[in-house]
Amino acid sequence: MRLIRQQHKAMTDESLMIAISSGDKRAFDELYARYSGPLLGYFMRMLWRDREKAEDFVHDLFAKIVHKPEYFDTTRSFKTWVYSVANNMCKNEYKKQEVRKGTTNGLDNHYSLYDKSVNVMSEVQDNFFQEAFQKSLANLDEKHKEVFALRHIEGLSIKEISEAMEINEGTVKSRLFYATKYLAESLKDFNPIENR
Amino acid sequence: MKEDLIDIVMTKEFVELTESERHDFTEWFTTQEEFEQMKQVFLEVERIKTKDRFVPRQATKDSLDALFASKHSKTAPTIWYNSVLVALYPKEKPAFQRPLLQVAAIVVLLLLVYPFLNTMKVKDEPVQMSRTESVHESKTNESADNVDPVVPTPAETKVVESPVLVAQETPILMDVESVTEMSVSEERLAEAEDVSTFSSAAIAHPDGIFTGVSAVTYSQSAAKQPAIFDLLTATF
């Protein structure tokens, strides 16, 4: 049976989807192992780091794969398709929310951590920086946040992002540029030059 | 171009940038401060990619497994057969490397070779023959008591209904008269376990002279004829 498992590990995502359509449970297990973690991280970032909601979205997405595997076009890339589905799920959720939900650790948004005592506070400052980065990412506009997360965190190419989001590559590049500049600007309080 | 920007920002310092690189990425940064801010963003992204690895809860997987089972419960045997067939008959391999065909070829070879192996066996079974004791007569003055329930040789003796002249390997010489007496002795007949005689036919030759070989066959245990038994042991 170990030989069978190795067969599934060597199969492509598209081949696994075809096997799932035939009722192959091990193919589904392999596909879940490959994409459940990255998708959970994507939903966490896109849904204000709400763990419960992100878990539900992962469950719903794979439930769609179980019930309607024929929805996947085998001529397309599975990775592009699954993130397209995830993106649409997040858009629907945004529409339901009247007020954007954000995480907070009690810090004032305008709180500055500029401190010349770098050596003593460096570790604490790193933690604050990470929190600030996450908050800035959450505050990004959805379309920019999606492009930034898919490109830099999920590792999709410009072309794959354009297929998943159904936009042209030029739009992807411009949104990526804007998101990167916004994050860099929002983190200028940490003043990386003086903090070295 | 995007990949070049990340590589340059992550691997170089601002002072190490060439003029052409600064010109190419003018829209991204112009000052060292902007350059460093960009580097912070990319560094943080790398940290998120390596450290923020989320693992869904087991309850999520269990729920999906139940959902899958309810959807594909009717096709469960197909799953098993499909898995076995993939191992025994992989389509991506050439025909001679498929395990199922290899096993089938071995079975066919064994079936073809087996009949030849059977015909080559040497049949070494002894021929079953009845045990008879034959006595060889000749014109000598040997004692009639020296009747030897000769151990028959299987190759030379055989049981037949009609009288047969049987030659023995170790003849016990007897008188014709003693043979006659022996053959007609009722006591001997009574003691004998099995008697067959045809000497009367030979003696009753119309010419009264019998020069051939006649044989009286009877079987009797050696214990009833100790003298003969001694002769046998002496011979051997």
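Which side chain of chain B does Lys25(A) meet in a salt bridge? The partner is Asp65(B), with N to O at 2.9 Å. The model is predicted.

## The interface of chains A and B

Chain A and chain B bury about 4400 Å² between them. Carbon and sulfur atoms account for 63% of that area. Chain A puts 49 residues into the contact, and chain B puts in 42 residues.

Charged pairs also span this interface. The rule finds three salt bridges across it. One of them joins Lys25(A) to Asp65(B). Lys25(A) belongs to helix H3 of chain A, which covers residues 25-46.

## Helix H2 against helix H3 in chain A

Two packed helices are described by the angle between their axes and the distance between the axes. Helix H2 of chain A spans residues 13-21. H2(A) packs on H3(A) at an angle of about 140 degrees, and their axes are 8 Å apart. That angle makes H2(A) oblique to H3(A). The crossing of the pair is left-handed.

From H2(A), the contact draws on Asp13(A), Leu16(A), Met17(A), Ala19(A) and Ile20(A). H3(A) meets them with Ala27(A), Phe28(A), Glu30(A), Leu31(A), Arg34(A) and Tyr35(A). By class, this contact has eight nonpolar residues, three charged residues and no polar ones.

Side chains of opposite charge can pair when their charged atoms come close. Over all chains, the count comes to 14 salt bridges. Arg34(A) and Asp13(A) form a salt bridge, and their closest N and O atoms are 2.6 Å apart. Arg34(A) sits in H3 of chain A and Asp13(A) in H2 of chain A, so the pair ties together parts that are 21 residues apart in sequence.

## Helix H3 against helix H4 in chain A

H3(A) has another helix partner in chain A: helix H4, residues 51-67. The axes of H3(A) and H4(A) come within 9 Å and cross at roughly 145 degrees. This crossing is right-handed, whereas that of H2(A) and H3(A) is left-handed.

On the H3(A) side, the contact includes Phe28(A), Leu31(A), Tyr32(A), Tyr35(A), Leu39(A) and Phe43(A). On the H4(A) side, residues in contact include Arg51(A), Glu55(A), Phe57(A), Leu61(A), Phe62(A) and Val66(A). The residues of this contact divide into 14 nonpolar, one polar and two charged.

Notes
Residues numbered from 1 in each chain as written. Chains lettered and ligands numbered in written order. Predicted model: local features only at pLDDT ≥ 70, side-chain atom pairs only at ≥ 80, totals over all residues. Heavy atoms only, no water. Axes fitted to C-alpha atoms, helices over the stretch in contact; angles between N-to-C directions. Helix = DSSP H or I, 4+ residues; strand = E, 2+ residues; numbered from the N terminus. Parallel < 35°, antiparallel > 145°, perpendicular 65-115°, else oblique. Left-handed = near helix turned anticlockwise from the far one by under 90°. Contact = heavy atoms within 4.5 Å. Nonpolar A, V, L, I, M, F, W, Y, C, P; charged D, E, K, R; others polar. Buried area = accessible area lost by both parts, 1.4 Å probe. Salt bridge = Lys/Arg side-chain N within 4 Å of Asp/Glu carboxyl O.
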